[in-house]
Amino acid sequence: MRSSRRLVAALAVAVVAWAGSGCAVIPVGGPFPVDEAGGGDPMSKPFQRMIAVPPQPAWAPIQVVQGLQAAMAAYADEPGVLSTYLTPAAAKTWRPDGPITVIANRPKYDYVGKSDGDQVVIRLTGTPVARIEADDTYMPYSAAVGDISVDFTLVKDAQGGYHVQSVERGAGLLLTMDDVARAYRPTKLYFLAGPPGPSRLFAERRLVVDRVWLRVKPTENFAQTIVRRLLDGPSKALHGAVGSVFPQGMSVRSVRSDDDRVVVDLHGPIAPDDLYTDGLKAQLKWTLNNNDMANGRTIEVQLDGEPFYSSDPLVIRADDMREDWLGSNVSPAYYVSRGAVRSLGDDRPGNAVQGPAGQPNELYSRLAMSDGGAMVAARGTPAAGGGIWVTRVAPDGRWQRWIQGRQEDLTPPSWHRDGTLWTYDRANDTVLRCDPASGRGPERVAAPGLDGLDVTRLRVSRDGVRVAVTVGKNEVRVGAITGGGGAPMLGNFQTLITVTDEEIRDIAWRDGERLLVLVQSKNAQSVREIYVGDGQSTELPATNKRLESISALGQRLLAATEGRKGILEFNQDKQGWVSKVGEGDAANPIFSLG
Amino acid sequence: MPPTTSRSLRRRTLRQILGGVRRRARRAVGAVRRAWRRSLQLQVVTSTLVISVTVVVVLGVFLSDQINKSVIASSQASAASEAFADRVQIAAALSQEPDDQAKPADTGKSAPADPLDAVMNTITGSGENGSKKRYEVLVLNTATPGSSRASGKVSPRDVPLALRQGLERQAKNLRYDKPLRHQALIRFSGETQPRLTLVIGGLIPPDAGASYEVYHFFPLNDEEQMLSNVRLAIVVVGFGLVLLLAAIAYLVARQVVTPVRLARQAAERLAAGKLDERLKVRGEDDLARLATSFNEMAGNLALKIHQLEELSQVQRQFVSDVSHELRTPLTTVRMAADLLYDAREDFEPMAARSAELMQAQLERFESMLADLLEISRYDAGAATLDLDSVDVRDVVLRAIADSEALAERHSTRFELRLPNEPCMAEIDNRRVERILRNLLFNAIEHGEGRDVVVTVGADRDAVAVAVRDHGIGLKAGEETMVFDRFWRADPSRARTIGGTGLGLAISREDATLHGGWLQAWGQAGEGSQFRLTLPRTAGADLKGSPLSLVPPEIEMRRTWRGQMTPVLLPASGDGAGHEEL
């Protein structure tokens with residue numbers, strides 16, 4: 001009796017326990033602390049790619065050319081398919097190297113002559129958009145360039161299918177914009193300002209953006225592609241103007257996501273003990289973070305799969321390197337009222353600066369302010385005798401003429417962040433540079449790329465690496481200051497924008513990589529923001545007032561209206577212009593540098 | 001030849017090694033079998049282990065199979081629905097193609113011109129703000145240039161051939177509503193290890209032109225990982241469960257076996273004569289009742305044995321008393337009979353014959369009475385040895401001399417086989433002589449006139465005398481019965497030499513008193529042999545006998561018949577005889 005009662009009690013306990021725990025498959029309750037999973041794997045971005053198929057015997061000649069074009073788009077992934085479109089002789093001579101030509105989507109295909117027979121010629125006509133160079137630079141074509149056409153000669157083979165015998169343009173791949181959008185990603189690489197070389201004399205910690213278009217490789221994650229490209233060094237536009245801590249011959253073994261950190265595994269002749277570690281950290285940190293790869297996670301650098309230093313790992317934490325490697329984007333704004341430089345407060349006009357620059361006068365125009373606002377430079381009016389004048393912003397400062405010359409011969413002065421003053425002497429076709437530290441007068445700077453050009457403006461970028469010039473009224477070119485501090489020169493000039501039927505009124509650097517261009521057409525004005533790396537351009541909303549000059553820093557953009565009718569500021573949130581200083585002889589908004 | 005020798009040597013060595021291994025294995029198996037036979041606990045634990053392993057394996061396989069099925073089925077179902085949604089999206093996008101084509105080519109950075117690109121951007125998440133999908137997609141249209149797309153690293157090479165052929169067959173039969181599924185290990189380009197992948201292939205019916213093949217590649221790594229974890233968990237839990245059950249069985253069996261073992265030990269001690277042995281009784285369960293019953297049984301048994309012993313004592317006393325009491329009248333009767341016998345010649349022949357008969361039977365009666373007294377002395381434990389160091393050969397010769405008269409009457413001859421050296425032993429001369437006389441009388445009586453062989457043997461520890469006759473022999477099983485009191489091989493046969501039927505019983509008691517053995521061998525038609533073995537030193541334990549119990553000629557004949565390797569048993573080695581004692 002007793003044992004059976006005990007059995008019943010045990011059964012009851014078991015049933016209650018099962019009902020309490022077992023029957024609820026997923027228990028309810030909480031809150032519990034959650035283990036952070038690290039936010040997935042941002043190392044590889046999703047992408048789609050063209051799959052090239054070999055030509056079918058039943059295809060019409062136009063389809064064969066379309067297929068060839070698809071095979072060109074897939075060439076980097078599947079190089080074998082492209083040659084199936086070519087006759088054996090053409091396959092032998094075909095060289096798909098060199099720059100890639102990007103044309104607009106849906107090019108036109110026309111028969112030149114008969115559309116049937118043993119030999120057919122098809123003409124492809126399309127709008128050229130850009131060129132992707134071998135160094136991954138994306139060079140947009142100006143709108144002025146007309147359509148390009150390429151003739152494909154096709155022959156019929158024994159089976160009745162068509163094959164491409166020759167391509168009129170010769171070598172080079174031809175991709176549509178869709179092909180590029182599918183396979184390429186604009187990428188920012190970060191290099192150290194200052195000339196490359198073993199001296200590693202990086203006076204100031206500063207990174208420079210190099211914008212390239214990288215092809216997504218299916219076999220490796222995109223972060224690895226980016227780091228590999230970073231190790232290859234800067235593109236042509238910055239060649240000689242920037243440096244990298246990575247010596248030649250470095251390669252990346254892998255970049256992988258490891259829980260809460262990104263592990264970059266390098267290989268090559270790098271000496272961990274004799275290395276500018278902060279430079280390496282900065283280059284990797286901003287390159288991986290600003291391309292959405294590290295996303296603020298800790299980065300660990302390894303060498304051949306082992307800790308970077310023989311005993312310790314090299315770790316770049318998210319809160320490391322808070323210093324301003326990209327330059328400050330916060331700086332007070334100024335404007336000129338009746339010749340006097342006044343600060344621009346948030347709502348109302350501010351006070352005049354100290355010293356002679358703050359005094360009203362009619363002698364100086366197109367003022368520029370040095371880094372930190374310590375010096376002001378201006379172009380002297382004919383009343384002042386022309387030339388470039390400079391004064392310290394201090395009670396005891398006074399105007400001094402640093403550069404001689406007529407007003408119309410000298411472009412408005414531009415400060416370099418190292419304290420030198422730059423201008424272009426149109427009378428002598430030469431770039432002038434004044435270094436107050438050297439105590440010498442203005443010295444000529446070689447600029448072979450500007451020889452014989454009508455340079456109307458010269459602006460040194462805030463990172464001190466790039467230089468933007470306007471040529472005539474229709475063209476902006478961007479170059480770089482190469483050659484280092486000792487004997488600087490300007491080089492690597494490339495056309496950024498060419499306008500037709502329009503006039504470039506002013507240019508201003510927003511930061512290291514974006515240039516604002518004020519364009520005036522016959523009855524409208526626009527401010528275009530252009531990435532100097534790849535020419536990507538955005539047009540800001542226009543205002544009904546006519547603008548004369550612009551100045552920008554970071555998110556802020558100021559413009560002076562024509563006829564000194566006030567200063568406007570562009571409001572990012574409202575995407576519109578807001579008046580900052582009303583009527584009253586306000587002109588020439590100024591941010592330091594740029 | 002040396003090589004042959006060495007080879008044979010090696011072969012022999014190998015054979016020896018194998019033999020050694022086999023022996024050892026056999027020994028181990030034997031030990032295990034013995035342990036199994038002897039231990040109830042081991043049997044219970046082993047049975048529990050076997051049954052629980054079977055149950056756990058069956059349950060584990062079933063469980064694992066169920067989980068596998070449900071996990072794979074659910075992932076297949078979700079994969080199929082995702083693939084279906086994507087196909088619908090692609091089909092919808094492709095059917096809009098004519099409208100879009102009407103628009104002029106857009107050179108800005110807006111949506112792609114090709115609807116396939118746009119829909120692929122949506123599906124693969126490669127557009128703006130897209131997130132990575134867990135699967136890859138391949139859209140294949142080999143008939144139209146530039147109309148094939150893939151996401152990630154998949155390529156047409158990765159599509160399993162059978163799946164592709166299946167879709168081609170469907171396209172040929174114009175069936176577009178049956179997507180196919182294929183699970184395969186696929187090694188994608190740039191990867192070193194193949195991955196288990198579920199590929200779902202479907203067709204998008206052609207609006208114009210050729211149909212699109214859409215393949216979805218779903219990685220099954222996570223499912224595989226999860227299922228292998230589950231399987232591992234099941235194996236570990238099952239293993240633990242089996243161990244736990246074995247431990248439980250061990251404990252439970254121990255609870256039952258320990259009292260049983262105690263009971264067995266008590267029973268063994270009881271059997272060994274310790275009649276006071278009792279079990280402890282704890283509680284009221286079955287085992288306690290077993291202990292109670294055992295104790296009752298032991299008590300009753302002890303009582304019965306005690307009663308029997310008393311009865312036996314009474315009987316022995318009775319025999320002894322009767323023998324004593326009979327002696328006095330018998331002496332008187334004997335004296336009277338002697339007178340009659342001496343005067344028998346004066347009687348009529350009839351009366352004279354009666355006097356002779358009476359004399360003979362009286363002699364027999366006397367000797368029987370003497371034997372009875374002797375045996376009752378043994379039963380009372382009153383027999384003692386009068387030890388003396390004697391040459392056994394002399395004792396044998398004396399006994400033969402005593403028997404010679406009878407032998408002559410039976411025309412039997414003795415054949416003596418005596419060793420040359422003296423066979424000294426500490427014995428009671430009178431008793432051993434009596435034993436030998438009894439054996440010789442017995443041999444003469446049953447020897448049917450044939451020769452009686454008397455053999456004396458000796459070794460370091462013992463001396464032995466064997467008496468062999470060639471008479472009718474003994475039947476199987478009679479070897480021990482011959483030593484019983486008043487036993488007769490053939491009850492119908494008369495005692496010709498007036499044996500009392502107690503001679504061999506007394507002889508055996510005498511031998512035992514010496515610490516020796518008296519054993520018999522016999523075979524029908526082959527005669528019989530009795531062997532007396534005595535230790536050289538009185539009281540020393542015997543380990544063997546210098547003579548064989550079975551006569552050597554019989555042993556030889558037996559081995560020859562059995563076609564065995566003829567090995568002569570050494571005179572000292574006699575295993576069978578020893579174990580009988």
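1. UniProt positions are given here in the numbering used for this model, with feature names shortened, and such annotations may be inferred rather than shown by experiment. For chain B, the unreviewed UniProt entry lists residues 42–63 and 232–253 under "transmembrane region". This is a predicted model, in which local features need pLDDT of at least 70 and side-chain atom pairs count only at pLDDT 80 or more, while totals for chains, interfaces and linings use all residues. Residues are numbered from 1 along each chain as its sequence is written, and chains are lettered from A and ligands numbered from 1 in the order in which they are written.

2. Helices (H or I, at least four residues) and strands (E, at least two) are DSSP runs, numbered from the N terminus. Residues 42–63 of chain B are 100% helix and 0% strand, with end C-alpha atoms 31 Å apart. For residues 232–253 of chain B, the chain is likewise 100% helix and 0% strand, and the end C-alpha atoms are 31 Å apart.

3. Chain A contains seven helices and 41 strands. Of its 594 residues, 44% are buried, a residue being buried if 20 or more other C-beta atoms lie within 10 Å of its own, exposed if 12 or fewer, and partly exposed in between, with C-beta atoms placed from the backbone. Among contacts in chain A with a separation of 6 or more, 55% are between residues 24 or more positions apart; two residues are in contact if their C-beta atoms, placed from the backbone, lie within 7 Å.

4. The contact between the chains takes 26 residues from chain A and 30 from chain B. On the chain B side, helix H4 (115–124) and strand E2 (149–151) are the elements that give two or more residues, and H4(B) supplies the largest share, four residues.

5. Strand E1 (residues 48–50) of chain A runs antiparallel to E2(B), joined by three bridges; two strands pair if DSSP finds at least two bridges between them. In this pairing A:Arg49 stands opposite B:Ala150.

6. After H9(B) comes B:Ser411, with a positive phi near 45°.
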